[in-house]
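Visitor: I am new to this structure. Could you show me how to read a few of its features?
Guide: Gladly. Take a look first.

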Amino acid sequence: MKIESVELYHVRMPLLEPWRTAYGSDAAIESVLLRIRSGGVEGWGESSPLAKPCYSPEWAGGIFAVLRDCLIPRVLGETFSTGEALQERLSLFKGNPFAKAALDTAWWDLKAQAEGVPLYRLLGGHREAVAAGADFGICDSVGQLIERVGGALASGAPRVKLKFSRDWGLPVATAVREAFPDAVLHIDCNAGFTLEDQFLFEELDSLGLAMFEQPLAYNDVADHAALQRTVLTPICLDESVNSLHSLEQALSLGSCRWVNVKPGRVGGLTVARQIHDRCAEKGIPCWVGGMLESAVGARHCAALATLPNFKYPADLFPTSRFYAEDLAEPAVAFETPWTIRLPKAAGIGTRPEPERLRRWSVQSAIF
């Protein structure tokens, strides 16, 4: 398929309430959406590294500039029959996986549209629905958190993720575990700790958590390997796995027993599927993460989650969990409790609503 035109949008989507993590608070989610056209067919992609380089070295304004000045001119007018060919063309530019993911995910939607098949089928998935888990950021009080966790579990949430930081740490996780002794719980540390905190994680072993997600530095695999040797709880790598190469390093060192795969963080669905396949070969289960994207990005994540080595409920959510209205239609909803059904339509099955796209756009460009 020849990439004939590209539209690029940097958007700011207001949240119902700030999302608080170990690295700060976001009152809105900044994301980059991209539309590519070929032969009368269009595909949409999304990449959401947030407003500032706190989760990773990339941020929404930065990836907009990289796409505008480097990546889009590199692919415009070129023909790509596979995602791997697209990635090879982009490999001239070092790193920048979130920027590359916007193009890659749009290409996959375009390909699925052209072939008239749902994206999840094109990726090789066979599940028609995927399970989602409950995620909770830092709350105003432990009591508020316990109330919210209780509500999620009562409604059938299969697992609960808790944000975990130095100021919202062991006492909070202990209180939740005591309130819900049989629940599947894990903590997400967002790279907020070091090996000097080893004894903290040894204490956390007693809580019987499903995993410690990204406890140490965002670009580390060696210290995670050392920590994994000292704790019983599985370590899950998130930020540290941003490419197939970084995954291979983690696997060789024994840095983790789970891998969280976010299409944006690894450069798109092409690389996400490669990571999934390699983890399956090595017996390391995966699960799909999210970045509070609009329905466009969420549908890409849901399609990815249908692959067989994704073994843990995904970070997928209905629009109403975080937004008063979605940027795209149809929005995301649970058709059965804590389950998202994949659309039968070709591609991702959703498109940005033009007026909302205009209203929330910070900047845009057309090629």
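Visitor: How many of the seven residues of strand 3 (residues 41–47) are buried?
Guide: Keep in mind that this is a predicted model. Buried means under 20% relative accessible area. In strand 3, five of the seven residues are buried, so the strand is largely enclosed by the rest of the structure.

Visitor: Which way do strand 2 and strand 3 run, and how many bridges join them?
Guide: In general, side chains in a regular strand alternate between the two faces of the sheet. Here, strand 2 (residues 24–38) and strand 3 run antiparallel, joined by seven bridges. Val32 has Ser47 of strand 3 as its bridge partner. The two strands form a hairpin, with two residues between them. Gly39 sits in the turn and has a positive phi of about 55°.

Visitor: How many aromatic pairs does a search of the whole structure find?
Guide: The search finds ten aromatic pairs. Planes under 30 degrees apart count as stacked, over 60 as edge-to-face, and the rest as tilted. Phe201 and Phe212 have ring centres 5.3 Å apart and planes at 55°, so this pair is tilted. Phe201 belongs to helix 7 (residues 198–204) and Phe212 to strand 8 (residues 212–213), so the pair ties together parts eleven residues apart in sequence. Both Phe201 and Phe212 are buried.

Visitor: What about the rings of Phe334 and Trp338?
Guide: Their centres are 5.2 Å apart and their planes at 45°, so that pair is tilted. Phe334 is partly exposed, at 25% relative accessible area. Trp338 is buried, at 16%.

Visitor: Which residues do ring pairs link into a cluster?
Guide: Phe164, Phe193, Phe201 and Phe212.

Technical notes: Residues are numbered from 1 along each chain as its sequence is written. This is a predicted model: local features need pLDDT of at least 70, side-chain atom pairs count only at pLDDT 80 or more; totals for chains, interfaces and linings use all residues. Side-chain values use heavy atoms; hydrogens and water are left out. Rings of Phe, Tyr and Trp (its six-membered ring) pair if their centres lie within 6.5 Å; planes under 30 degrees apart count as stacked, over 60 as edge-to-face and the rest as tilted. Helices (H or I, at least four residues) and strands (E, at least two) are DSSP runs, numbered from the N terminus. Buried means under 20% relative accessible area, exposed over 50%, partly exposed in between (1.4 Å probe, protein chains only). Two strands pair if DSSP finds at least two bridges between them.
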